[in-house]
Amino acid sequence: KAMLARIEAVDPKVNAYITVTPEEALAAAEAADRRIAAGDMTPLTGIPIGLKDIFVTKGIRTTCASKILGNFVPPYDGTAVAKLKEAGAVIVGKLNQDEFAMGSSGESSAFGPTRNPWNLDCIPGGSSSGSAAAIAARTATATLGTDTGGSIRQPASHCGCVGLRPTYGRVSRYGVIAYASSLDQVGPVTRDVTDCALMLQAVAGHDSMDSTSVEVPVPDYTKALTGDVKGLKLGLPREYYIEGLDPDVKRAMDEAIETYRGLGAEFVDISLPHTDYAVATYYLIATAEASSNLARYEGVRFGHRAEGAANLIDMFRKTRSEGFGAEVKRRIMIGTYALSSGYYDAYYLKAQKVRTLIMQDFLKAFETVDAILTPVAPTPAFKIGEKTSDPLQMYLSDIFTIPVNLAGTCGISVPAGMSTAGLPIGLQLIGRPFGEETILRAAH
Ligand code: GLN
């Protein structure tokens, strides 16, 4: 009840929620009370949790922040959501995001932009804008987001939260609306690292409903939170500490390095030589996969259908024209172009090869270091509207997070100080595949 009252009081300013579900939340809270009274509880029993609106939820409208899904009400819960419910979590609502998770600022939502609780004139980051803003605004205790190119880590950084993108295959994507299937992964946004470990614990593991989920045993993540980083070898990739890095971000990184040194961690200069190609590679692969995944929204099976069409093709065309926003259309066009015959070899296939080189950069680095320390974003949160007219500028804000997705590995964003303007700055720890314990330990 306190959380619902907080949402009612604060969310009109922040716009972190697309849908709030008070009735379902109160019923779940009562069920949690009964479980607790019976001594049958998990760390998440009774905890108010928000879900990015990309997670399909049984009986609850799921929009992916797009007009095209209209009032789509899914008939089932995805695996991560089902696991949270089984643990006794109380789902309080569905969170705002960039439309189909395409964006870095939360501004491409069909439900209006989310605002950064630290400064309402600034973006909270994206695409999991509501997942981070709700934590910062204290309108959820923990949330789930998805990260295709940085969409958990970057908003967590801009909102002063902890955000973890697990290794590809660590968490099931069953019941998560697909953006770029070879890059998408589910993960938590929380206030601190302990909560992050508990959330990952609840959702991680193999799932027969997602053939890309991997059968690697799930460790006890809270056991990794020892408080000890002595002897831990952290890599500093020279390609990430570039001229022109924002002075506030640079200072935060320098201070973090000093703090880790004081705690006994060791630093190693490393190189990830193909970093320069990451953004271009990502925007070919992500848009190609998106153009294919989004072909299913044609007005027949889900949500919105245009009125007054002359014939079937016209109905598809009108529905998609009305239903998708500008950024989604841009990406469908880029992706369709990159996949078209004659261009496939030059763009998509080439991008897949460069992706392998980027992956190999990381595997080589992990021969000498336990984790890699980098900034999350080149600048703190920018002003709402500042980059909307320049998509390329917007794409470049993911330069430090995108390589992790291309490599299929894990990364965590953790608060590392404030800018002179009073905005949070995060640092990123990148781990080897299924090395979540190591980055959780270093983040803690
Ligand atoms: N900002 C990146 C994009 O627009 C990443 C988004 C994401 O991780 N979902 O594609």
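Me: Where is serine 127 found?

Reply: Serine 127 lies in the loop between β3 and α4 (129–136). Helices (H or I, at least four residues) and strands (E, at least two) are DSSP runs, numbered from the N terminus. This is a predicted model, in which local features need pLDDT of at least 70, side-chain atom pairs count only at pLDDT 80 or more, and totals for chains, interfaces and linings use all residues. Residues are numbered from 1 along each chain as its sequence is written.

Me: Is serine 127 buried or exposed?

Reply: A residue is buried if 20 or more other C-beta atoms lie within 10 Å of its own, exposed if 12 or fewer, and partly exposed in between, with C-beta atoms placed from the backbone. Serine 127 has 34 other C-beta atoms within 10 Å, so it is buried.

Me: Which residues is serine 127 in contact with, leaving aside neighbours within four places in sequence?

Reply: Contact means that the C-beta atoms of two residues, placed from the backbone, lie within 7 Å. For serine 127 the partners are Gln97, Asp98, Ala101, Met102, Gly103 and Ser151.

Me: What of serine 151?

Reply: Serine 151 sits in the loop between β4 (142–146) and α5 (153–159). It counts as buried, because it has 36 C-beta neighbours inside 10 Å. Beyond four places in sequence, its contacts include Ala101, Gly126 and Ser127.

Me: Where does UniProt place the feature "active site"?

Reply: UniProt positions are given in the numbering used here, feature names are shortened, and annotations may be inferred rather than shown by experiment. The unreviewed UniProt entry places this feature at Lys52, Ser127 and Ser151. They span 100 residues in sequence, yet no two of their C-alpha atoms are more than 11.0 Å apart, so they gather at one spot.

Me: Which residues come nearest to the ligand?

Reply: A residue is near a molecule if its C-beta atom, placed from the backbone, lies within 6 Å of it. Of the 13 residues around the ligand, Ala101, Ser104, Thr148, Gly149 and Ser151 come nearest.

Me: Now helices. Which residues of α2 are buried?

Reply: An α-helix has 3.6 residues a turn, so residues three or four places apart point the same way. In α2 the buried residues are Ala25, Ala28 and Ala32. They cover an arc (of the directions from the helix axis to the C-beta atoms) of only 65 degrees, which puts them on the same side of α2. On the other side, Glu23, Ala27, Glu30, Arg34 and Ala37 are exposed.

Me: What covers the buried residues of α2?

Reply: The cover includes α1 (2–14) and β3 (90–95).
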